Amino acid sequence: MSARAEVAAAFDRADKAGAGRDGLNLFISADRAAALAAAEAAPATGLLANTPVVLKDNIATTTLTTSCGSRILEGYVSPYDATVTRRIRAEGGVVIAKSNMDEFAMGSSTEHSAYGPARNPVDRGRVPGGSSGGSGAAVAAGIVRVAYGSETGGSVRQPAAFCGVVGVKPTYGRVSRFGLVAFASSLDQVGVFGATVGDAARGLQAIAGVDPHDATTVDVPVDDYVHAATDRLDGVVIGVPREYFPTSLDAKTRARCDAALDALRAAGATLRDVSLPHTDYAIPVYYIVAPAECSSNLARFDGVRYGLRIVGDGLRAMYEATRSKGFGAEVTRRILLGTYVLSHGYYDAYYRKAQDVRTLIARDFARVFADGVHALFTPTTPGPAFELGAISDPYEMYLSDIFTVTANLAGIPGMSVPIGRVGALPVGGQILAPHFHERTMFRIGFALERAGIDGGVA
Amino acid sequence: VAVTHDDVRNIAALARLAVAPERLDTIVSELNGILGHMEALSRVPALDAAGDGQLDGMRLAPDHGPAVGLERAPASFAPAWRDGFFLVPRLATHGDAGAAADEEHSA
C-alpha cells in the first residue's frame, strides 16, 4: 500500500475503533486532510516508510497542536518541529494525530487530561495507563503500529503493559529531547510504542542518535535494533531482582512473570537471583525530584509568551490567574510540592536527600551489571489496568509506577513486552539493561515474543 | 515536618499560583499525606561519596546548539505583541500602578 493508502486506512481504523472524544478519547488533535497530503510528500524509503504514526501531545509539531493535555496550551501550535518529529518525517513516517495524555505528563492513567480521560481499548471501563495513554491505546486499538510517547517515571512502559503492546524507554541521552516539552529534565526521555518488538525497534532506530540541539544527548554509536531478532539467548545472564517480586504482587501477574522466566530459560538464558536493595526508596525519591524539576520547568507558563492569558489587575495577578486557571489539580499539586521541597529550610531534608538516595539506586544497578548480569527481568506493573476513577489518593496512584521509576532515576533503558493476560487484561514484563545496551534489551524482547509468551492466560 | 496553611500560602505565592481559601485544607492534607511517605528517606544512611569516580573527566557537551528556524513568527502565538515585544500588564509595584494597572507595557 502507498503511504496515502496506509494513512487513510489508519483513519478508517480510528473511526471503527471509536477513537474520538465520545469513545476512547485517544486524540487531542488530528487532521485527516493534512495527513493525507503529508503522506503524498513523504519519502518512499526509510525505517518508517508508509507508516502512519501518532505522537504524544507534548512532542512539538508544526502541523498539529501541542497542548500537553493542558488548558494552558490549548490550541498552541509550535513554530518548530521537535528533533524526533523531524527524524520521523525524514524516515517516511506520517504524523496523523497527537495523542491524549495526563496533563504535562503528570499521571499514570491518562485521567488527568484537560480533554477528558482516555480509555483502554481492551476494556473501556479501565484506564490505558499513563501518562502516554493515548499513544499506547492507539497501538493497542490497531490504529497504528508505531506511536511515540515520553517517559519520566514509566509513562511508556506502564501504558504498554496495561494495553498489551510493546513500550520502550531508551537510555537517558540516547534520543533528543529538543522539542519535547520539559517536565523533569533529569528524567525525561522520548519513548516508543510498537505493536510488536520489531515495530518498536524500527521506531527507536528512526529517532536515536546525538543531536546538536540537545546537549544531554550522547555521541555513542547507535546499535542495530531492527536486526537484533533472535529466539536464542545462550550466554545471556538475566538477573531477577527479588525486590520486584514482593509478596504483595498480584498472584496472577506473578504467574505470568514466572512463565516468561521459564521461556527465557528455555531460550538458553541463565537466570540469576539479584538484589537492588534501595528499590523501596524509589517512589519517595522520584516524587521529590520530579516535582522539584517540574516546579522550575513549568514556571515558563505564565501567560507572557504563548498559551493562555487571563488578564488580572497587574502583572502578578495575570501570572496567578493564568496559571491557576490553566493548570489542573495534579499539576498544581506537583508544582506546590516541588516548590516546597526546594524552599529554604526543606531543601536539605528533602531534595538533597532524594538526590543522594537516587545515586544509591543507580549504584545498585551499576553493581549488578558489573557483576556479569546482562539485563534484568521484572513485572512492569504490580497488576493489570485498573478501573477509571478507582484510585483517588495521589500517593496510591504514584505507586503504580513502583517498578518503572528506577530506570528513569538511574538513566538506564527499559522495555515492557506483553507476557500474556490476567483474565482478559494484558500484563507486561519489564526488561532493564545497562546504559546504551538497548540491543540486548531488544534481543530478549524478541526472544520472549518468538516464544509466544503473550498467548498465555493466568 | 508538617506543612501548615501558611506554608501553602507561601509556596503558592512563590509558584505564582492563586489558591482559593476553601481549597487550603485539602491541599495541606494532600501535601502532608505525600510528604509523610517521603520520611522513609531519612532512614537511609548518608551517601558515601566514594564511588562517584566514574564521573571524573566526563566530557561535557556545549550547552548551546545551532539556531532554530521558526516556521511562524512570535506574533502569531504571543498573547499580546507590539513592535517586536511581548506585551504584559504594568507591574503593580510601579509608582503609578494604581492609575495604570490596566495599561499594557512592553516587556
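Predicted model: local features only at pLDDT ≥ 70, side-chain atom pairs only at ≥ 80, totals over all residues.

Me: Good. How many salt bridges are there over all chains?
Reply: The count comes to 23.

Me: What does Arg334(A) pair with?
Reply: Arg334(A) forms a salt bridge with Glu330(A), at 2.7 Å from N to O. The two are four residues apart in helix 10 (residues 329–342) of chain A, about one helical turn. Helices (H or I, at least four residues) and strands (E, at least two) are DSSP runs, numbered from the N terminus.

Me: Are those two buried or exposed?
Reply: Both Arg334(A) and Glu330(A) are buried. Buried means under 20% relative accessible area, exposed over 50%, and partly exposed in between, with a 1.4 Å probe and protein chains only.

Me: Which residues are in the network with them?
Reply: The network of salt bridges links Glu330(A), Arg333(A), Arg334(A) and Glu30(B).

Me: And what about Arg145(A) and Asp199(A)?
Reply: Their side chains meet in a salt bridge, 2.8 Å from N to O. Arg145(A) is in the loop between helix 4 (133–140) and strand 4 (146–151) of chain A, and Asp199(A) is in helix 6 (residues 197–207) of chain A, so this pair ties together parts that are 54 residues apart in sequence. Arg145(A) is partly exposed at 45% relative accessible area, whereas Asp199(A) is buried at 6%.

Me: Over to chain B. Which residue does Arg9(B) bridge to?
Reply: To Asp6(B), with the closest N and O atoms 2.6 Å apart. Both lie in helix 1 (residues 5–14) of chain B, three residues apart. Arg9(B) is partly exposed at 46%, and Asp6(B) counts as exposed at 54%.

Me: What else is in chain B, in terms of helices and strands?
Reply: Chain B has three helices and three strands, running α-α-β-β-α-β from the N terminus. Of its 107 residues, 25% count as buried.

Me: How do strand 1 and strand 2 of chain B run?
Reply: Strand 1 (residues 81–82) and strand 2 (residues 85–89) of chain B run antiparallel, joined by two bridges. Two strands pair if DSSP finds at least two bridges between them. Arg82(B) stands opposite Phe85(B). The hairpin has two residues between the strands, and Asp83(B) takes a positive phi near 55° there.

Me: What's the strand order in the sheet of chain A?
Reply: That one is an open sheet of 11 strands with mixed pairing, in the order 1-3-2-4-6-5-10-11-9-7-8. Strand 1 (27–30) and strand 8 (270–274) of chain A stand at the edges with a single partner strand each, so one side of each has no neighbour in the sheet.

Me: How many bridges join strand 10 and strand 11 of chain A?
Reply: Seven, with strand 10 (residues 414–422) and strand 11 (residues 425–432) running antiparallel. In strand 11, Ile431(A) is the bridge partner of Met415(A).

Me: New topic: how many cavities does the search find?
Reply: Two of 30 Å³ or more in the whole structure. On a 1 Å grid over the protein atoms alone, a cavity is a set of points where a 1.4 Å probe fits but cannot get out, and lining residues have an atom within 4 Å of a point. Grid points are joined across faces, edges and corners, and a volume is the space filled by probe spheres set on the points.

Me: Which residues line the second largest cavity?
Reply: Ala329(A), Thr332(A), Arg333(A), Leu336(A), Arg23(B), Ile27(B) and Glu30(B). Helix 10 of chain A gives the largest share, four residues. Helix 2 (21–38) of chain B also supplies at least two residues.

Technical notes:
Residues numbered from 1 in each chain as written. Chains lettered and ligands numbered in written order. Heavy atoms only, no water. Salt bridge = Lys/Arg side-chain N within 4 Å of Asp/Glu carboxyl O. 1 Å grid on protein atoms, 1.4 Å probe; cavity = no way out; pocket = protein on both sides within 12 Å on 5 of 7 lines; lining within 4 Å.
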